[in-house]
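Reader: I have a structure open and would like to go through it with you. Could we take it piece by piece?

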Amino acid sequence: MAFCCRLSVFASLSSSITVRSPFCYVPLAAPYVSQAWSSCFQCQSGNNIQLLYIHRQQFASRRSRVEEGFGAAALGIVSNRSKSTSTQEAAEQRKAEDSKVLEGGRRRSGRPEDGRRSEGTSSREDIRSIRLKKVESLRAGGSVPYAYSWKKTHSASELQEKHAKLGNGEEADKEEDHVSVAGRIMARRAFGKLAFLTLRDDSGSIQLYCEKERMVNDMFEQLKNVLDVGDFVGATGTIKRTEKGELSVCTKNFTILTKSLLPLPDKWHGLTDVEKRYRQRYVDMIMNPEVADVFRLRAKITSQIRRHMEELGYLEIETPILQGAAGGAEARPFVTYHNTLERDLFLRIATELHLKRMMVGGFEKVFEIGRIFRNEGISARHNPEFTSVEMYQAYADYHAMMEIAEDIIIRCAMATHGRLKLQYQGTEIVLEKPWRRATMKVLVEEATGIDFSKFNDLNAAKNAALSALSTNNEGLETSSIVNCLSFGHLLNEIFELVVERTLIQPTFVTDYPVEISPLAKPHRSCAGLVERFELFVCGRELANAFSELTDPVEQRVRFQSQIQVHNDRLLIAAEDAEKKGDSDPKENNDAYEVKLDEDFITALEYGMPPAAGMGMGVDRLVMLLTDTASIRDVIAFPVLKSQ
């Protein structure tokens with residue numbers, strides 16, 4: 001809508017306001033001045049004008065309101081101008097001002113100019129085209145639209161802290177109060193000869209108070225005509241707190257450091273498409289500062305883990321990501337091909353075996369914080385690439401790892417929250433020691449009422465399990481129980497189906513079946529079990545630890561047994577697929593080859609000291625400490641489907 005009339009608004013001491021334009025006079029009765037409101041009228045000349053009605057009390061405090069970026073341009077500009085400017089001069093100035101079209105083709109109105117609002121009616125490519133022209137105009141004027149550097153004296157948060165006691169309406173304009181700031185413009189409000197910019201940097205936000213008389217050369221005109229929301233700017237000036245208490249940089253000079261070409265999402269609706277938020281995480285962090293806060297906390301958590309390990313005397317090691325054999329876990333690997341070596345290589349599925357090689361080489365305490373890659377499913381708990389910390393300590397057993405796990409998580413909680421009672425998705429989690437310890441056998445027996453150690457026949461145990469689970473677990477998928485190949489697999493399957501999700505408070509589940517733990521040392525007192533624990537919090541596995549197997553002969557037997565079980569599982573899957581008429585039965589997560597790592601066996605044959613080891617999921621720990629439901633929200637750039 002085009003507005004060809006500039007309004008002058010006058011407040012009387014009575015209960016009415018008169019609005020005057022060059023074409024008409026509109027007296028407003030008392031019912032219409034009880035609150036600020038706007039409407040669109042058509043004057044007798046047929047020109048549309050927009051009226052902003054202001055309560056007389058609000059008019060009296062117009063200066064302080066304008067400083068906060070609210071109100072009409074007519075307040076301090078038109079009414080004052082009318083006293084000193086002739087009608088012809090005012091008309092010419094109004095015509096020049098009203099002819100300026102904001103991006104998006106929307107003409108000026110009595111509202112504050114807001115870059116994002118004005119762009120709302122134009123297409124993305126139209127806006128980009130307009131901004132490219134602004135880049136060209138900057139270059140033509142001798143400016144550099146993409147600067148090399150900027151000397152910044154303070155961050156936004158430093159200024160907020162330093163001038164916390166500055167009173168409303170006061171200005172700190174001594175030599176030492178001159179500052180230089182830089183950041184992205186998140187909002188822009190212009191009122192004639194006064195403009196307000198919200199600048200955000202890595203630490204927070206601060207307002208730029210831009211008054212035409214204070215700014216050098218044609219800076220103010222450049223601010224109004226070239227600057228857009230989303231641009232990076234550097235600004236210098238003094239510090240002032242407005243009448244309403246907003247700490248501001250009274251800007252004398254500013255420079256566009258980076259000219260943005262694309263508009264930010266609408267400030268009211270934000271970036272609401274969840275999938276787009278993950279794909280364009282950079283925009284997500286711009287519009288939702290709390291998203292960036294998650295990654296700041298993640299960095300702090302990772303730093304605390306590293307510090308803790310170093311304080312305990314551990315040495316950080318970097319092991320290869322490309323490996324000749326995928327070992328250290330049972331998972332489907334990513335496969336790549338090395339052209340020069342003419343061989344397949346695997347992205348690592350664990351750092352375990354190479355860290356153990358370091359112990360064979362003489363190191364007694366080693367750890368690694370690194371990326372792991374597993375070509376498996378995606379869910380709220382799983383991402384194909386994730387971060388873990390793995391550690392190995394000579395002359396220790398799995399009990400030592402329990403203490404380290406407690407200490408790491410407690411340290412991270414104190415560093416991020418300062419307390420050990422946290423809320424996670426509406427549930428209070430208590431991290432105070434001691435944490436519960438229970439064997440897998442006991443937990444399964446509590447859930448089902450069955451002691452599986454008393455069974456000698458596997459099929460009878462399966463039937464008992466199916467009967468018990470059908471009683472109190474309606475709708476539970478139990479087909480995996482039928483395919484279990486041993487008592488150990490059956491016990492673990494029942495645990496995962498009915499017990500795991502109930503472990504809300506920190507719980508160490510200990511003493512796992514040997515069939516599912518090929519790298520753990522046999523239990524000292526319980527045949528068929530190994531010295532292993534998994535730590536569960538909020539129904540999720542957070543850590544996994546062993547008393548490490550160091551016998552090379554037994555290790556070879558365990559690996560061979562693992563390969564046999566894997567191949568048997570493949571055979572069963574192929575038979576099921578054939579019955580269902582599936583032409584490609586290998587399209588499942590089990591359809592990969594498991595190889596025996598001969599070099600690791602060779603390393604053990606040279607001798608590895610008694611040791612304990614643990615792996616902890618950093619992503620899941622961050623989820624817990626940031627109250628985040630999905631793993632994709634704690635990974636900056638999660639893996640997604642192709643668009």
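Predicted model: local features only at pLDDT ≥ 70, side-chain atom pairs only at ≥ 80, totals over all residues.

Reader: Where does D511 lie, and what is its phi?

Author: D511 is in strand 21, residues 507-513, and its phi is near 60°, a positive value in a residue other than glycine. Strands here are DSSP runs of E with at least two residues, helices are runs of H or I with at least four, and both are numbered from the N terminus.

Reader: What about E342, where is that one and is it buried or exposed?

Author: E342 is found in the loop between strand 14 (335-338) and strand 15 (343-347), and it counts as exposed because its relative accessibility is 61%. E342 also has a positive phi, about 55°, although it is not a glycine.

Reader: Stepping back, how many helices and strands does the chain have?

Author: The protein chain has 20 helices and 24 strands, and 47% of its 643 residues count as buried. Taking contact to mean heavy atoms within 4.5 Å, residues 24 or more positions apart account for 66% of the contacts with a separation of 6 or more.

Reader: Pick helix 12 for me: which of its residues are buried, and what covers them?

Author: In helix 12, residues 352-360, the buried ones are E352, L353, L355, K356, R357 and M359. Their cover includes strand 16 (365-373), strand 17 (385-394), strand 23, helix 19 and strand 24 (611-617). After helix 12 comes G362, with a positive phi near 120°.

Reader: Now the aromatics. How many pairs are there?

Author: The count comes to 7 aromatic pairs, where rings of Phe, Tyr and Trp (its six-membered ring) pair if their centres lie within 6.5 Å, and planes under 30 degrees apart count as stacked, over 60 as edge-to-face and the rest as tilted. One of them is F559 with F600, whose ring centres are 6.3 Å apart and whose planes are at 50°, so the pair is tilted.

Reader: Which elements hold F559 and F600?

Author: F559 lies in helix 18 (residues 552-580) and F600 in helix 19 (residues 598-606), so the pair ties together parts that are 41 residues apart in sequence. F559 counts as buried because its relative accessibility is 8%, and F600 counts as buried at 1%.

Reader: What does Y209 take part in?

Author: Ring pairs link Y209 with F191 and F196 into a cluster. The charged end of K240 also sits over the ring of Y209, 4.1 Å from its centre, a relation that requires NZ of Lys or CZ of Arg within 6 Å of the ring centre and within 35 degrees of the ring normal. Elsewhere, the charged end of R532 sits over the ring of Y512, 4.4 Å from its centre.

Reader: And how many disulfides turn up?

Author: A search of the whole structure finds 0 disulfides, a disulfide being a pair of cysteine sulfur atoms within 2.5 Å. As for individual cysteines, C412 is buried with a relative accessible area of 1%, whereas C526 counts as partly exposed at 30%.

Reader: Back to the backbone: which residues does the cis peptide bond at P434 join, and where is P434?

Author: A cis peptide bond joins K433 and P434, with omega about 0°, and P434 lies in the loop between strand 19 (427-430) and strand 20 (436-439).

Reader: One last stop, K421. What does it touch?

Author: Not counting residues up to four places away in sequence, K421 touches E428, I429, V430 and E432. K421 lies in strand 18, residues 421-424, and counts as partly exposed because its relative accessibility is 42%. The C-alpha atoms of K421 and L431, 10 residues apart along the chain, are separated by 6.2 Å.

How values were computed: Residues numbered from 1 in each chain as written. Heavy atoms only, no water. Buried < 20%, exposed > 50% of the residue type's maximum accessible area, 1.4 Å probe, protein only.
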